[in-house]
Amino acid sequence: MSAQLVVTRGGTTSRITLALLAFAVIVLAATPWFFGVGGSGRAVALLVYVLLAVMWNALAGFAGLVSIGQTLFFGVAAYTTIRLSNAGLDPYLAILASVAIGAVLGYVTSLFMLSLKDGEFAIGMWVLSSLAHLCVNLDPLIQGETGTSLISLNGYAIETRSSITLWLALVLTLAVLAALFALLRSPTGAAITAVRDDELGARSIGVNVIRTKRIVFVLAATGTAAAGALWLASNLNFQPRAFFGVHWTAYMLFMVLVGGLGRIEGALIGAVLFFVIETFFASYGAWYLVGLGGVAVFFALVLPNGLWGWIGPRLPGEAIPTGYIINKSKT
Amino acid sequence: MTFDFTRRSVLLGAGAALGTFVLGRSQALAQATVPLKIGFISPVSGPLAGFGETDGYILDRAREALAGGVTMNGTGYSVELLDRDTQSDPSRAGQLARELINSDGVDIMIAVSTPETINPVSDACEAAGVPCISTVMPWEAWYFGRGAKPGEPSPFTYGFHFGFGVDEFYRAYISQWDLIETNRKVGVMYPNDADGNAVRAVLAPRLVEAGYEVIDPGAYETGTQDYSQQIRIFREAGIEIFNTFPIPPDFAAFWRQAAQQGLHRQIKIVQTAKTGLFPGDIEALGTLGNNIASAAYWHRDFPYTSPVTGLNGVALCDGYEAATGRQWTQQLGASLSAIDVAMAALAAAADPKDKDGVAAAIAGLTADSIAGVVDFTTGPVPNVAHGPIIGTQWQPSEKGPHQFDYVVTENATDPNVPVVGTLVPYNA
């Protein structure tokens, strides 16, 4: 009777989660038929929140990079979408091109930003975002804070446009989520976790810290850029302040804090919760913001690990399996 | 047989009674409770609050008038006006529009005053396919500023804007400046923003064509504190007309410095736009506000009646002054005219709940309003209807009760408006 170790990566919980996610994807994809143009617009908003939360969570929760300037990628992607479509490119191709530009911008930014530590990095990102905001304001097409519109999207009939935007949002969100999932399950995932837990320790055992951080940073830049371009496509209006505004950072923080830092499930739950709160309470104006703040304070004090930090450990196995589960089994 | 007959008659009778009940009830429902929801977005607080200050009063009057519901194409509707304050924040304006569309399900949207309010709301409506009526900003900044190209078909389906443009300013200024003998030298202060750059590009060249010499020291940044450079240029050039499109704090700073350096003594006409629309702007200048000329998109002397409320300009303004104790402003008629046009738009469609139908109907709409006839069939571009700009002057009031009287001095863009005052030279 010898005990043997059995290593698994999934289980009942992850299969149920996969089924739930698949169901959510099908419902979202079918939104245009069931809930019309308005429903599609809301679905895009939900997907944008999911992208922002998951990407900010990857950055802060996995790579330990707390950025308050992710609006850099959000705003620049929206701006390049406007610029490219004004130059005659199809607006949907302009969105895809802007996502690629976001990735390139993320890489270039990482070359000098990643050598900054904690607070310096956070403030540095904010400075870059403000700088980009000012540069965008100087473009005569944007007319300062007056802004302009993604007018070429009106070339599509409204039902077509809202459906395509939704499906594009769904595809981009799934692609980014899949990339993050694959990354976390790969050997780099182990390196990411090591860097998060102890950067010096990780370096001492041979992890290339900068390279590891860069991979996450560029992925987060890409996903946030996708969110910015999609937000523009669903709202048409580009006013620099509405895209580079610091309120987006607050939303990202809220979603990740409430959902649970360091877990994909947490970010997903945080985004859905934020979406639900916004849907039902946004009309209360200033009190809605006060309420958001109150909820954030409550979670910081009572559930510092967020909702998933409470739910996750009570489930058998992982919902989104990124780690390894080791069981003793008797043979 | 008898039983059968009785049973049948009972059933028939019951069916008829039920049918009558259902029919009667559905008619009653249609007459009273099919709701039409109208969104109304304007800046009531924040830096643009002067524009929204009077909207509460206007909405009360409109709600009173519409309380009994309306009948359109034989169907009765109740009307609900949902007003929202942008707090002068453009991103909040867009957010409010999306909420009104998605959560409240408005049938038509109204957006009033300034590009910061109207453009995001118009875009949100265009994105969601909800008809939108807007007024009080230059239509060029609404149409071209949102990316439409001259000579191409209109890219907008659901947004419609009515009101003044640069051409109305040009005609009003030419008409106004001919009222006084001057040397035709115009000093201009146009800021580096959407409005300032538009008037510099379009209005200034037309003034030159009309025989005026335009002295432009260049665009200044909003919030500038020191204007001695510009004042020196204006003094050396010997300008007698001054024209500017600033935000109120910048004009107050500029005009005080100009007075300290004696520039105000040589100027016969001070023609402001964007500043000087409301009594508060002028009162803040003290005696320097005396006889500043302005241009109005509405005035209490406009000889029109609001179809929705049945009020004319005088009745509306007297009612406002009695209710609030404050002086009337030109925004009263402008905001009410937007409600007039929105109601006319809903009535013009075969079914006011059909958003595509309403949008299509507005394209061919000619509507009466308290600001005059709004005609979308003869606009300068599709989706836009002309509106007037009337030359006016803030003259110190002799009879009171307010510090200034806002007097109409010319009417080139709407000859129905009576000219009751004479333009007084600023330095007289």
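Buried means under 20% relative accessible area, exposed means over 50%, and partly exposed lies in between, using a 1.4 Å probe and protein chains only. Keep those cut-offs at hand for the stops below.

This is a predicted model, in which local features need pLDDT of at least 70 and side-chain atom pairs count only at pLDDT 80 or more, while totals for chains, interfaces and linings use all residues. Residues are numbered from 1 along each chain as its sequence is written, chains are lettered from A and ligands numbered from 1 in the order in which they are written, and side-chain values use heavy atoms, with hydrogens and water left out.

**Stop 1**

Select chain A and colour by secondary structure. It has 14 helices and four strands; these are DSSP runs, H or I over at least four residues for helices and E over at least two for strands, numbered from the N terminus. Along the principal axes, its C-alpha trace spans about 75 × 45 × 40 Å. The radius of gyration is 20 Å, which agrees with the value near 20 Å for a compact globule of 331 residues. That radius is taken over C-alpha atoms, and the globule rule is 2.2 Å times the number of residues to the power 0.38.

Chain A exposes about 14600 Å², with 73% supplied by carbon and sulfur atoms. The areas come from the Shrake-Rupley method with a 1.4 Å probe; for residues, only the protein chains shown count as cover. Buried residues make up 52% of the 331 in chain A.

Turn to contacts, meaning heavy atoms within 4.5 Å. Of the contacts in chain A with a separation of 6 or more, 79% join residues 24 or more positions apart.

**Stop 2: annotated spans of chain A**

An unreviewed UniProt entry places "transmembrane region" at several spans of chain A, including 92-114 and 164-184. UniProt positions are given in the numbering used here, feature names are shortened, and annotations may be inferred rather than shown by experiment.

Select 92-114 of chain A. This span is 96% helix and 0% strand, and its end C-alpha atoms lie 32 Å apart. Then take 164-184 of chain A: 100% helix, 0% strand, with 30 Å between the end C-alpha atoms.

**Stop 3: Leu170(A)**

Zoom in on Leu170(A), in helix α6 (residues 158-185). Its relative accessibility is 8%, so Leu170(A) counts as buried. Show its neighbours: leaving out residues up to four places away in sequence, Leu170(A) touches Val25(A), Leu28(A), Ala29(A) and Leu47(A). For a distance label, pick Gly294(A), 124 residues from Leu170(A) along the chain; their C-alpha atoms are separated by 31 Å.

**Stop 4: chain B, 35-377**

UniProt, in an unreviewed entry, lists residues 35-377 as "domain: Leucine-binding protein". Those residues are 42% helix and 19% strand, with end C-alpha atoms 29 Å apart.

**Stop 5: two loop residues and a helix**

Most residues other than glycine have a negative phi. Select Arg184(B), not a glycine, with a positive phi of about 60 degrees. Arg184(B) sits in the loop between α7 (166-177) and β7 (185-189). At 31% relative accessible area, Arg184(B) is partly exposed.

Next, Lys274(B). Its phi is also positive, about 70 degrees, and Lys274(B) is not a glycine. Look in the loop between β10 (269-272) and α11 (279-283). Lys274(B) counts as partly exposed, at 26% relative accessibility.

Finish at Gln230(B), in helix α9 (residues 228-237). Gln230(B) is buried, with a relative accessible area of 10%. Beyond residues up to four places away in sequence, Gln230(B) touches Met189(B), Pro217(B) and Tyr220(B).
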